[in-house]
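Work through the exercises below with the model open. Each task is followed by its solution.

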Amino acid sequence: MNPPAPPTWPHCTYGADPATDPVGCRGIHVPGHTWCLAHLPDADRNTYLAGLTPGANIDHRGTTFTEPLLRGLETVLHDSATGIVRFGHARFESATFKGKAGFDSAVFEGNARFESAVFEGDALFSSATFKRNAVFHSATFKGMVWFSATVFEGDAWFHSATFKSIATFDSATFKSIAVFHSTATFESNALFSSAVFEGKALFGSAVFKDRALFRSTVFKGDARFGSAVFKGDAQRYACATPRSTSPTRCSSTPSPSPPSTTPSSSPTAQCWRRTCSRVRPVRR
């Protein structure tokens, strides 16, 4: 088997072994050092962290974060005036988060990049605000995922992400495009109750292996579910209104069978009948 390719950024190499692991730690160098944040000597790490202020740009691609290490970073980014942790541009591509990754109520003022990151414990982003683009494509979430009441002001990219446990986007607001296509895979419950999609919502080719709950979800723009696969129960409370002047919202008891094209007085059936060519689930 070919050895793994090294990352494109200058990396730590801690633990490298010519026979078993020629790459070693993939964490990017902390500025001015040849180690990543995880392997930087304590005194140098403390000096680096002391130089950060709320809203600072950070780059910790490929770095492995324990809970204490992440808390230490967030402590220096905590704005005492507002009580909020503020990131500028945040680069966590290919990072690994061991244990709980707690970003509740954090504000990302620049682009937040978590593509190919691995969350080995729970990922907590409830009530966080992403003021620019939030990029989670190809990320792997092994624990529970919480994006409840999260606000995505820029594009939200989750294409090809894998959610191995419950993924909660209840009451989240997507103000721009939301991308879950290209086989984003939900292996457990996917919860989007009361979420609001103000731009395009792209779920084409997404795979829902358990319950998919879209209760009282609002789609103000195009909602595209073409080739999406629902292997569990798809609780169809939601509707899409193509380029309408007012959003469509439904909240009624779901039907256990796929939506019918036969006229019905059921609010759910009416909602799905209006847009069934674009949001009708496909079961395989």
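**Exercise 1.** Classify F197 as buried or exposed.

Solution. Buried means under 20% relative accessible area, exposed over 50%, and partly exposed in between (1.4 Å probe, protein chains only). F197 has a relative accessible area of 0%, so F197 is buried. F174 is also at 0% and is buried.

This is a predicted model: local features need pLDDT of at least 70, side-chain atom pairs count only at pLDDT 80 or more, and totals for chains, interfaces and linings use all residues. Residues are numbered from 1 along each chain as its sequence is written, and side-chain values use heavy atoms, without hydrogens and water.

**Exercise 2.** Determine the geometry of the pair F174 and F197.

Solution. Rings of Phe, Tyr and Trp (its six-membered ring) pair if their centres lie within 6.5 Å; planes under 30 degrees apart count as stacked, over 60 as edge-to-face, the rest as tilted. Here the centres are 4.6 Å apart and the planes are at 0°, so the pair is stacked. Next, place the residues. Strands (E, at least two residues) are DSSP runs, numbered from the N terminus. F174 is in β20 (residues 173–174) and F197 in β24 (residues 196–197), so the pair joins parts 23 residues apart in sequence.

**Exercise 3.** How many aromatic pairs are there by this rule, and what type is F92 with F103?

Solution. The count is 64 aromatic pairs. F92 and F103 are edge-to-face, at 6.1 Å centre to centre with 70° between the planes. F92 is buried at 0% relative accessibility, and F103 is buried at 1%.

Notes: Helix = DSSP H or I, 4+ residues; strand = E, 2+ residues; numbered from the N terminus.
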